[in-house]
Amino acid sequence: MLLGEQDQFLSYNGEVLVFQLSKPKHAEEVDEKPMNLCVRRMAFNRDTKLFVQKSSGAFSMGASHSKIEMICCGCTTDSRTGIILPCILMKKKKRNSIKYFLLLLHSSNQFEPSFYFKLNYELKEDIRLFAGPSLLWRHANKLFYISSNTCVVQSAPVHLSSVVWTGEIVGEGTVVLGIRTACLPETEDPGGFSVSDRAIWGSEFFGYAVQSQKFLSGTCFMPHAYSRVVSSVHVCRSERLRKQLRISLVAITHKNQLVWFQNGAPKGVCELPYEKPCSVTPALTSSRDLLFAVSFASGNSCVVQRRDSLQVASKWQKVKCVLVDDFIGSGSEQLLLLFKDDSNTDVLSTFKITDLGEVNYASGISYKHDVPAAEGLQENGLLTVRALETRLQAGWTSVRELQQHLGLQKRVILESCRALIDLVEERTHILPNPKEVNCRRSLLNSAKPFEGLVSLWDDVENPPDSLSKETSSASEVPEHFTEELWQRVVGDSLVVGVKLTESFYLSLSDVSLSLVMNQDFSSISPIIKCQSKIIKLNKAFSALAVSSSQIEPPPKKMKLDLHSKNDLKKEFPKRSSRNQLNGAKAVTAVTSLSPLLAFHRVCCVVLLHGRKQNHQNDGLQQSKKITVLCGKILLSLEDISNGRYSIKMLRDNSYCTGSMEDILAVLAVSVRFSFQIVSCDCTLTPVSSWLLGEMECTPFKECQDNIFCHKAGNVHGTIFNWALRNPFEGLLTIFCRNLTVLFQCLHSLTRVLPPSCSVKLLRSGSKQVLTEQLSLALEKEMLILKNSLFLKETKAGNSWTWGNESGQKSNNAPLASLLDTEEGVQQFRKKLQKEREESVQSMNQTLNGALYQTTALNIAEAQLSSDMIVWRLA
């Protein structure tokens, strides 16, 4: 076999691989020298507009007395690395056997034998390469395949007349599409297969998954009526939508047609210009056009363009091969047509590269009018780099400005925290000097030097009256307002509690605690995020949450911005809040423990926030926000490890010996749920037996109506309160850590309750308490509405009087006596005119914006409070 007598072409990563078999030209050298498989890597040069050789390689095939042929080549995935590599199937035929072997080509131009096998027949029909690498063929209407993983020829349990496509389908792996004689077994599902079509046409289209050995219905690819005319198929896209396979493909037929199928239905057809089409290959061009290159047995080719419809865009004759790849490096695909040329021995001498658009290169054409490719690319590259540099610089500037802003924001927050601590500890806060700020900022990687923080008001010796009033609020706090400050560790939570004196907490509302780290940290905020609760210890063990996470009813009306109520100078009495605080024994703050343990040893300042109310003579009370220092707590990892702050709930003669602080700590980290249990047929004695028996509960010595669960497992530490209203109705209150514990308790309870019992979740609070709160809230709302009708504007220049409020004495002389004389008539006219003016004035009352805003906020707050209680009662 002479050089160039048999060539194979393959496109790979924009290059053209030319495989050739070479052997000696003289007959006397046939038995002496071996035959070689040579490969040449050819790349398109945009300067010379020609293909040039980049590299080459060779593989020795052994003695040349064996007849060696190249069967086919392609690009498949190597299962060992997942890399797509060129591979070529070779045949070595001896006198008594036929040996086939598959070679892989690496980037170093080294050939690697993948596997080989022997057959007693030649491969001629439907030979396909697929991932593995693997090989598939058809022989005697049977399907055979072999993989590099097994190296054993296997037979598929299917009979078929032709293979039209082999490739990957989403969710199915490697799939073979073929045509077989229609078989109509009774076990097949008529809904999945078109039995009538197969019976009429005598053949059917089907899919076979090689790995799973599963058959796929041919109706998701195309109707069975096309099974007698289709010769080749290419699947363009496959996907699964709601467990249903959706396929887009093109097929060429023996009727010289190209048909587009979408989800098993034909969507377009195009008549081809030549007879006997063999294969179809898609290409996606730079203009996002989808082209289909069709090759014919006569050596001709054409391109079908898919836009609004399928139509032949171009055609060529005497085409040796059609390849699809990015040959010019533009980022999109082009068609490479290699033409037959007997006058030239170079395999890539006559060619054409086109995408039916801007790209159009052909051999033997002068490109002098074109701009030199290197110069054009260099100029475009320079402009692109400059534009990218400009965008990068702008982005970097924005990032630096954002970093400066975040750094300044962090310094303001930290300095504000330090000023707050100094304020509550009655120390004079001194702003840092520029050198100290610059030193701190260098640690925080901030920007501008000598940028310090200044006061928001002018530095004067005598501060304004408003500031003096704010700072003097601490002096209004009694010297001994706290009875006890304690801390406990419950699981991963730290609980800090403050017990206030009775005279102090009765005059407070909106009470909460906050924790501030006393250390001077430069990179983190010293404010510790925590959740505050006011716990009232009585027979029902109520725990009132005052944090922002408290549930709210569905909105019934537009909510005004209540955050501005801090600016109001006067506020109507909050009798409901005071009533809730009358039984309060402690204010607690709960925070996560693990972030604090990262410092090993930390000291925290405990601050109390609230509103202190002073009663006025007009029935109103003036409230002022106060922040007072309750003390400091010290937390260390050693104390936590030694269990110094752990809660201790032990049994002692059928009682739980937990201290009051332990009980309050458990309540602080627990969530409260109340259930109304009603039984119509029998009494509720099983509830008490369940609590003392199965749940292993013992009552507290301090309040024996509340019991603590000692049962091992998740429910340990749960607190119950069971109150019987009558033998058939009771209220069960559960304090548990989370909803999982709640569900476990309810599941255990329902197993002991009679089937006729009903368990109803109560929103919050007892009906009697909520009714009392509703009456107080409605009374407050009526008082606000009443007072808003008689508001007076007292500012100078806008004062007005109504009726006889001017202080002048009216003349009550009889009307008849006034009309007897002329002077009396004039006096009557003046009086009538004055009353008319006063009436007009009374009809045109005006309010300034601040007073109107105050009134509107008070009304909205009162209405929202009453709506909340009504929702909880519903």
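Start with helices H10 and H11: their crossing is right-handed (the near helix is turned clockwise from the far one by less than a right angle). Helices here are DSSP runs of H or I with at least four residues, strands are runs of E with at least two, and both are numbered from the N terminus. This is a predicted model, where local features need pLDDT of at least 70, side-chain atom pairs count only at pLDDT 80 or more, and totals for chains, interfaces and linings use all residues. Residues are numbered from 1 along each chain as its sequence is written, and side-chain values use heavy atoms, with hydrogens and water left out.

**Stop 1: the helix pair**

Select 685-692 for H10 and 739-752 for H11. They pack at an angle of about 130°, with axes 10 Å apart. Axes are lines fitted to C-alpha atoms over the stretch in contact, and angles run from 0 to 180 degrees between N-to-C directions.

**Stop 2: the cores**

A nonpolar core is a set of buried Ala, Val, Leu, Ile, Met, Phe, Trp, Tyr and Cys residues joined through side-chain atoms within 4.5 Å. Buried means under 20% relative accessible area, exposed over 50%, and partly exposed in between, using a 1.4 Å probe and protein chains only. Select Leu494, Leu500, Val606, Leu608 and Leu635: these have the most contacts inside the largest core, which has 29 residues. Strands S30, S31, S35, S36 and S37 each supply at least two of its residues. Another core, of 24 residues, lies apart from it and includes Trp690, Val715, Phe720 and Leu753.

**Stop 3**

Go to H9, residues 660-669. Nine of its 10 residues are buried, among them Glu661 and Asp662. Next, find methionine 782 in H12, residues 767-788. Methionine 782 is exposed, at 60% relative accessibility. Its C-alpha lies 9.0 Å from that of alanine 862, 80 residues away in sequence.

**Stop 4**

Most residues other than glycine have a negative phi, and most peptide bonds are trans. Lysine 49 has a positive phi of about 60°. Look for it between S3 and S4. Lysine 49 is buried, at 10%. Lysine 276 has phi near 55° and sits between S20 and S21. Lysine 276 is exposed, at 61%. Finish at glycine 132 and proline 133: the peptide bond is cis, with omega near -5°.
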